Protein chains: 2
Amino acid sequence: MPEHRTATARQSFTLPDRFAMRRGEIEIPTLAYETVGRLNQGRDNAVLVFTGLSPSAHIASSVADPSSGWWEDMVGPDKPIDTNRYHVICMNSLGSCFGSTGPASIDPATNRTYRLTFPVLSLEDIAAAGAVLLDQLGIGRLAAVVGASMGGMTALAFAMLHPERTAALLTISSAARSLPFSIALRSLQREMIRRDPEWKNGDYQIPGPGPATGMRLARKLGMITYRSAEEWETRFGRERATDESPANSPFGIDFEIESYLEAHARKFIGTFDANCYLYLSRAMDLFDAADHGGSLKQALERMRLDRAMVIGVETDFLFPIHQQEELAQGLKTYVKDVRFARLDSMQGHDSFLVDMDRFRPAIASFF
Amino acid sequence: MPEHRTATARQSFTLPDRFAMRRGEIEIPTLAYETVGRLNQGRDNAVLVFTGLSPSAHIASSVADPSSGWWEDMVGPDKPIDTNRYHVICMNSLGSCFGSTGPASIDPATNRTYRLTFPVLSLEDIAAAGAVLLDQLGIGRLAAVVGASMGGMTALAFAMLHPERTAALLTISSAARSLPFSIALRSLQREMIRRDPEWKNGDYQIPGPGPATGMRLARKLGMITYRSAEEWETRFGRERATDESPANSPFGIDFEIESYLEAHARKFIGTFDANCYLYLSRAMDLFDAADHGGSLKQALERMRLDRAMVIGVETDFLFPIHQQEELAQGLKTYVKDVRFARLDSMQGHDSFLVDMDRFRPAIASFF
């Protein structure tokens with residue numbers, strides 16, 4: 001998420017103490033968050049949204065920050081997550097670089113940037129940070145915890161770690177664990193960054209371009225896995241690129257699809273810290289809900305949900321629909337009201353950000 | 001394909017003249033090939049096999065070279081392509097680096113390695129080189145032209161360019177044109193190589209390691225796209241790697257799937273010239289059968305086939321089954337005997353190299 005806004009609705013809160021992570025601990029981390037909509041008197045209308053790998057806490061526009069948020073179409077007055085009714089909280093993930101503490105932050109113990117001294121991050125750590133934030137905000141039980149992609153896994157972790165605080169769970173284009181295919185893709189993205197000589201084993205200059213080549217390649221692979229072959233066939237076919245300057249080799253940009261990926265990579269570079277990317281990416285690989293109890297069944301049994309919804313997309317090959325069906329089925333054993341929506345969006349994993357015609361009614365039906 | 005054999009069955013033939021390519025011409029190229037099985041007196045039992053991107057001409061073991069070939073299970077006495085009956089010819093593709101002329105060869109006109117001065121390569125050029133080879137061998141009409149993956153596209157190009165020489169066509173895990181999804185993946189693989197500082201705009205030292213990092217990354221992405229998520233879920237699940245030395249960063253090898261990709265990448269490095277890889281990869285993107293006539297329909301109308309077979313695999317997402325169905329349907333308009341086999345192999349695009357239980361009977365049925 002580019003951070004070029006002048007106004008900001010970002011609030012932040014620094015823990016007074018050490019924060020225990022699953023594989024280490026850090027000193028007095030800061031958590032950045034935004035809220036939209038009012039907390040009611042009963043303090044029971046809060047919805048906590050965990051983000052995917054790259055967004056900031058700026059989920060939607062507000063008076064304090066009128067710029068569009070990353071889920072602008074979904075969150076706001078009279079929108080599917082209706083801020084006339086709900087108090088929506090979105091936190092920048094622990095380990096990220098948009099206000100919350102992560103590998104690009106200064107370690108108060110050493111006064112140096114954490115970089116690779118940051119403990120190995122897990123999605124459970126992000127979920128635990130969310131609970132600490134709720135304590136700070138004086139919110140006990142959430143009306144719902146919500147997340148898409150990595151955020152869906154984090155929401156699931158939250159519901160397992162804090163069953164008493166979670167009345168409802170909505171996961172979107174997510175899964176109960178990472179499978180080898182998506183681990184392979186993310187592992188390769190990380191290797192692209194780590195093998196860029198400018199990565200310097202994590203010691204690139206901050207601020208600065210850092211391993212820009214590795215980040216560019218990783219972003220392109222990301223874009224390839226976030227969308228679908230069907231969408232690109234429809235959008236681009238074999239159209240030739242016309243707006244590109246002549247390539248400096250026989251292997252430059254010939255096709256529209258190559259031009260599209262290039263434009264997306266250029267936008268991404270310089271907006272996200274490389275080490276943060278590595279940590280968050282690895283956290284997704286490590287996630288397996290079955291770690292909480294020995295099996296997925298036992299893990300789901302821990303929850304105390306009134307209701308749950310799982311939304312998946314048929315063209316998503318990063319979080320394939322069969323994984324989401326499995327999660328919905330598993331939830332049905334322990335939760336009375338479980339809905340499963342299988343959307344035939346064409347835009348693959350990213351559909352929840354773009355296919356509003358299908359996602360709006362699905363999400364509205366839950367709220 | 002590693003080239004560590006001591007014996008060789010490789011033959012080669014150098015054209016006496018210039019060879020016109022679609023986008024340039026080269027002087028007296030050499031074509032390396034192997035043959036298995038005898039040419040009969042009528043000279044009408046020849047089967048020409050075009051390879052995928054990386055194999056050499058060593059398709060199967062023979063007296064002259066008893067080492068296993070890249071399609072050992074499929075070609076030989078009493079095997080599906082039975083060399084008791086057929087004279088099988090396999091050519092190292094023009095543009096490759098296992099004996100045939102390509103970007104790693106010396107340009108006779110300058111006495112320097114071609115590198116990026118090699119003309120942009122098309123699969124039609126490889127097909128045309130195949131026809132020149134047949135002239136040299138005194139073979140007019142082929143019993144069949146066969147190819148898998150890139151080789152299937154080349155076989156299709158051959159059948160369109162030389163209808164009078166092609167009695168039968170077998171394409172496997174291939175397509176009539178490259179779609180944006182596969183173009184995007186290959187474009188990214190090329191960018192990984194081109195952005196490796198050791199590529200030096202194609203001027204790395206030969207022999208030498210060249211852009212080994214780029215080649216390693218490209219190979220890993222290749223492996224990810226050549227197999228299937230289903231196969232890896234079954235084979236690896238979330239198994240942790242045990243045989244790896246401790247990683248030098250928090251992002252090293254944790255999972256079996258990462259260890260598997262690493263082993264494959266190590267085997268590949270140093271066996272294939274980087275510039276040749278770039279040229280062959282680009283040639284696949286550029287291929288569109290519809291270029292021959294204005295539409296696929298018109299292109300297929302040019303052929304004079306007695307029969308054709310299209311074999312596809314359901315888990316192949318690089319050459320998706322719907323593309324192969326489309327090709328089979330198109331052929332039915334102009335060819336009396338067209339078979340389409342949809343195999344439910346688990347190994348994705350690479351199934352034709354590994355799932356012999358399904359491929360043996362399918363290919364035997366054609367021969």
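1. The C-alpha centres of domain 1 and domain 2 of chain A sit 26 Å apart. Domain 1 of chain A covers 11-178 + 289-366, and domain 2 covers 183-276; such bounds come from an automatic or database domain assignment. Keep in mind that this is a predicted model: local features need pLDDT of at least 70, side-chain atom pairs count only at pLDDT 80 or more, and totals for chains, interfaces and linings use all residues. Residues are numbered from 1 along each chain as its sequence is written, while chains are lettered from A and ligands numbered from 1 in the order written.

2. Where these domains touch, 18 residues come from domain 1 of chain A and 15 residues from domain 2 of chain A (contact: C-beta atoms, placed from the backbone, within 7 Å). On the domain 1 side of chain A there are six nonpolar, ten polar and two charged residues (nonpolar: Ala, Val, Leu, Ile, Met, Phe, Trp, Tyr, Cys and Pro; charged: Asp, Glu, Lys and Arg; polar: the others, Gly among them).

3. Over in chain B, eight strands make an open, mixed sheet, ordered β1-β4-β8-β5-β11-β12-β13-β14. Pairing takes at least two DSSP bridges; helices (H or I, at least four residues) and strands (E, at least two) are DSSP runs, numbered from the N terminus.

4. Within that sheet, β12 (residues 168-172) and β13 (residues 307-313) of chain B run parallel over five bridges. B:Ala168 faces B:Arg307 in β13(B).

Notes: Two residues are in contact if their C-beta atoms, placed from the backbone, lie within 7 Å.
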